[in-house]
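Please open the model in a viewer and keep the selection panel at hand.

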Amino acid sequence: MNSPARDDYAVHTVMLNLWYGTFQALFDINLDVKKGIITSLIGPSGCGKSTYLRSVNRINERLGYVRTEGTIEVLGKNILDANVEILQVRKQIGMVFQRPNPLPLSIRDNILFGHNIHMRGQKSSKFDREDVVESALRRVLLWDKVKDRLQRKATELSLEEQQKLCIARLLPVKPAVLLMDEPCSALDPKGTEAVEELIWELRGDFTILIVTHNMAQARRASEECIFMLMGKVIEHGATEEVFLTPRQSETADYIEGRYG
Amino acid sequence: MANDIAEGASPAGGPAQRGRIQATDFDRRDADWYIDQGIQLLVFIGGISAIVFIIGIFVFITKEGFGFIFGEMDFGQFFTSPRWRPTSEYNPTYGILALVAGTASVTGLAMLIAIPFSLGAAIYIAEFATGKTREYLKILVELLAAIPSIVWGFIGLTIMNPLIIKIFDVPIGLTVLNAGVILGLMAAPIMTSIAEDALKAVPDRYREAAEAMGATHWQVTIKVVLPAARNGLLGAVLLGVGRGFGETMAVLMATGHAINLPSSIFDSVRALTATIAAELGETAVGSNHYMALFTIGIFLFVVTFVINLTADLVVRGVRKG
C-alpha cells in the first residue's frame with residue numbers, strides 16, 4: 001500500500017483503546033479512513049466494529065462508563081482532546097443508526113433539526129429553510145414522495161423512507177464524515193437496495209464509514225474494507241483485495257463463513 | 001398407523017402402556033388446572049368489584065341528594081348565588097357559587113405553584129440527574145406524596161398562618177394564599193411522579209438521535225423529549241387539578257373556612273369539600289340541608305370524574321401516537 005499524504009485521510013486513528021467499565025472492547029486500533037470513499041467495517045458480533053464507529057462521534061460516551069485512550073483525528077484535530085466541544089464534533093460527523101430513528105416531529109422539522117441547532121448564527125429566512133428541506137429531501141430521492149406531506153409525522157413513513165430521512169437530516173449541516181451502523185439491517189431487501197444505492201450516490205461528497213453484518217453488502221457497496229476480530233483490526237485494504245486475496249488467515253476464514 | 005411407527009422406533013416403554021397413557025391424557029384435569037380456574041375467578045371478582053363499588057358509591061350519593069334536586073333545589077340559585085345559608089330559620093338559601101370560587105381559587109393558585117415545580121423536578125430527575133442522585137430523588141418524591149393531608153393542614157395552620165401574617169402584614173393568614181401553597185406542595189409530588197413516568201416513556205433512541213446531531217442536553221429535552229411526552233405531562237397536570245379539587249382536610253384547615261367570593265389571595269374562602277366535611281355531621285338525615293350537601297357531593301364527583309377521565313384519555317393518547 002502506498003502512503004498518501006495525511007490530508008487524504010478523513011479519520012486518522014492512532015493506538016485507540018477503549019473500555020466499557022473494566023471490559024476492554026478495543027485494542028490498539030490504528031486506522032486511516034480515506035476521504036471521500038466508502039469504507040466498510042466487517043467482523044463477527046462483538047468484534048468491536050460498532051464500538052469503533054460509535055467512538056468516532058463520541059456517541060458511546062452517553063453510556064457514562066466508557067473510557068478511551070489514544071487519538072482519533074478528524075480533519076486534523078484530535079476529537080478526544082479535553083478542550084474539544086462534543087457538539088461541534090457531532091456536527092462534523094453525522095450518524096445513521098441501525099434502527100431508523102426519526103424524531104417524533106414532522107418530516108420538515110426532522111430535516112431542519114440539525115440546521116436550526118447549528119446554523120443559528122446565520123440568518124435564515126423561511127424561504128431559505130424551505131430550500132434546505134427541499135434539497136436535502138431531493139438528495140435522498142424522497143422529495144417527490146413526501147413534498148405534499150411535510151407537516152406529517154416522520155414516524156408515519158415506511159422504514160425505508162424513515163432511514164432515508166435519517167440520512168437526509170444530516171445533510172443540511174454539511175458534515176465531513178457519515179457514520180452508518182448497519183443502516184439496512186431493519187429493512188426488507190427492496191429497502192436495503194434503495195438505501196444502499198443512496199449511500200453509493202453520496203460517496204465523493206462525504207467520507208462514509210459503514211458497519212455491516214452483511215458481507216455481500218460490504219462487497220458491493222464499499223471501496224475499502226476493514227475486518228475486525230476480538231477488538232483488533234485484522235485487515236484493512238481495498239474491498240476486492242480483502243475478499244479475493246485476504247492476507248490474514250482469520251479474514252479468509254470469516255469471509256468463507258467458517259465463523260461469525 | 002403413526003402410533004405403530006412411533007412405537008417401533010422407540011425402544012423404551014412397552015407398546016401397551018404407551019397407548020393407554022396417550023388415550024387418557026387429553027381430558028385429564030390436574031391440580032394446576034383447578035388452581036388456574038380458581039385464580040381466574042378470584043382476579044375477576046377483584047377486578048369487577050372496583051367497578052361495582054364506584055357505581056355503588058355514585059348511586060348512594062345520588063340517591064341521598066335526589067330528594068333535594070327534584071324538590072327544594074333552585075338550579076339557578078344553586079350555581080349562581082354566593083349565599084350558602086342552609087341553617088337560616090326563615091329563608092334558607094343554597095348557593096354554592098362562593099364555595100366553587102373558593103375551591104377554584106385555591107386549586108388555581110395551587111396549580112400555578114405545583115406545575116412549574118413538578119415539571120422542573122420531573123425534568124431534572126428524568127433527564128439530568130444520574131445514578132444515585134436520581135434514585136434517591138425518586139424515593140424522596142414518593143415519600144412526599146405519602147404525607148397525610150392532615151399533616152399539611154397542620155403546617156398551614158401553625159407555620160404558614162403566622163408566617164403570612166408577618167410577611168404580608170395582614171390580619172389573618174388562613175387565606176387563599178395559604179391553602180394554595182399547601183395544596184400546591186401536596187399535589188407537586190404526585191404530579192412529579194407521573195410527569196417523570198411520562199418522560200421516561202419517551203424512547204431513548206429519540207434522545208440518541210438528537211444528541212448524535214449535536215444537540216445539547218437542554219435542546220434534546222425541550223425540542224424532542226417534552227413534545228414527545230406532551231400528553232403524559234398534560235395528564236399529570238390534570239390529575240393534580242383533580243387532586244386539588246377533591247382535597248378536603250388541608251383546605252379546611254388552611255382556608256379560614258369563611259364563605260366569601262375572594263377578591264385577592266389574602267381573602268379567606270371556603271371549599272366545597274370542606275363544607276361537606278364540616279356540616280354533614282350536624283344535619284338531620286333527610287333534611288334539605290343534608291340533601292344539599294349530597295348534591296354538592298354529586299357535583300364534586302362529576303367534576304373530578306370528568307377531570308380524571310380526561311387525564312386518562314389524554315395519557316392514553318400518547319401511547320397510540
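Helices (H or I, at least four residues) and strands (E, at least two) are taken here as DSSP runs, numbered from the N terminus. The model is predicted, so local features are reported only at pLDDT of at least 70 and side-chain atom pairs only at pLDDT 80 or more, while totals for chains, interfaces and linings use all residues. Residues are numbered from 1 along each chain as its sequence is written, and chains are lettered from A and ligands numbered from 1 in the order in which they are written.

**Stop 1: chain A**

Select chain A, which has 10 helices and 10 strands. Its radius of gyration is 18 Å, close to the 18 Å that the globule rule gives for 260 residues, so chain A is as compact as a globular protein of that length. This radius is taken over C-alpha atoms, and the globule rule is 2.2 Å times the number of residues to the power 0.38. Along the principal axes, the C-alpha trace of chain A spans about 55 × 45 × 35 Å.

Colour the chain by burial: 45% of the 260 residues of chain A count as buried. A residue is buried if 20 or more other C-beta atoms lie within 10 Å of its own, exposed if 12 or fewer, and partly exposed in between, with C-beta atoms placed from the backbone. For contacts, the criterion is that the C-beta atoms of two residues, placed from the backbone, lie within 7 Å. Among contacts in chain A between residues at least 6 apart in sequence, 68% join residues at least 24 apart.

**Stop 2**

Most residues other than glycine have a negative phi. Select A:Asp28, in strand S2 (residues 23–34) of chain A; this residue has a positive phi of about 45 degrees although it is not a glycine. A:Asp28 is partly exposed, with 13 other C-beta atoms within 10 Å.

Next, go to A:Leu141, in the loop between helix H4 (126–139) and helix H5 (143–146) of chain A. Its phi is near 60 degrees, again a positive value in a residue other than glycine. A:Leu141 is partly exposed, with 15 other C-beta atoms within 10 Å.

**Stop 3: chain B and its domains**

Now display chain B, which has 14 helices and two strands. Its radius of gyration is 29 Å, whereas a compact globule of 321 residues would have one near 20 Å. The C-alpha atoms of chain B fill a box of roughly 100 × 60 × 35 Å along the principal axes. Of the 321 residues of chain B, 37% count as buried.

Colour chain B by domain, using domain 1 (2–71) and domain 2 (93–320); the bounds come from an automatic or database domain assignment. The C-alpha centres of domain 1 and domain 2 of chain B lie 42 Å apart. Their contact takes eight residues from domain 1 of chain B and eight residues from domain 2 of chain B.

Within helix H3 (residues 31–69) of chain B, select B:Ile35. Is B:Ile35 buried or exposed? With 10 C-beta neighbours inside 10 Å, B:Ile35 counts as exposed. Draw a distance from B:Ile35 to B:Gly173: the C-alpha atoms are separated by 60 Å, and the residues are 138 apart along the chain.

**Stop 4: a helix pair in chain B**

Select helix H5 (residues 97–128) and helix H11 (residues 230–246) of chain B, which pack at an angle of about 145 degrees with their axes 9 Å apart. Axes are lines fitted to C-alpha atoms, for helices over the stretch in contact, and angles run from 0 to 180 degrees between N-to-C directions. The contact includes B:Ala110, B:Met111 and B:Ala114 of H5(B), and B:Val237, B:Gly240 and B:Val241 of H11(B).

**Stop 5: the interface**

Finally, show both chains: 16 residues of chain B are in contact with 18 residues of chain A. On the side of chain B that touches chain A, helix H9 (204–212) and helix H10 (217–228) of chain B are the elements that give two or more residues. The largest share, seven residues, comes from H9(B).

End at B:Met213, in the loop between H9 and H10 of chain B. B:Met213 is buried, with 27 other C-beta atoms within 10 Å. Which residues does B:Met213 contact, leaving aside its neighbours within four places in sequence? They are A:Arg90, A:Phe113, A:Gly114 and A:Ile117.
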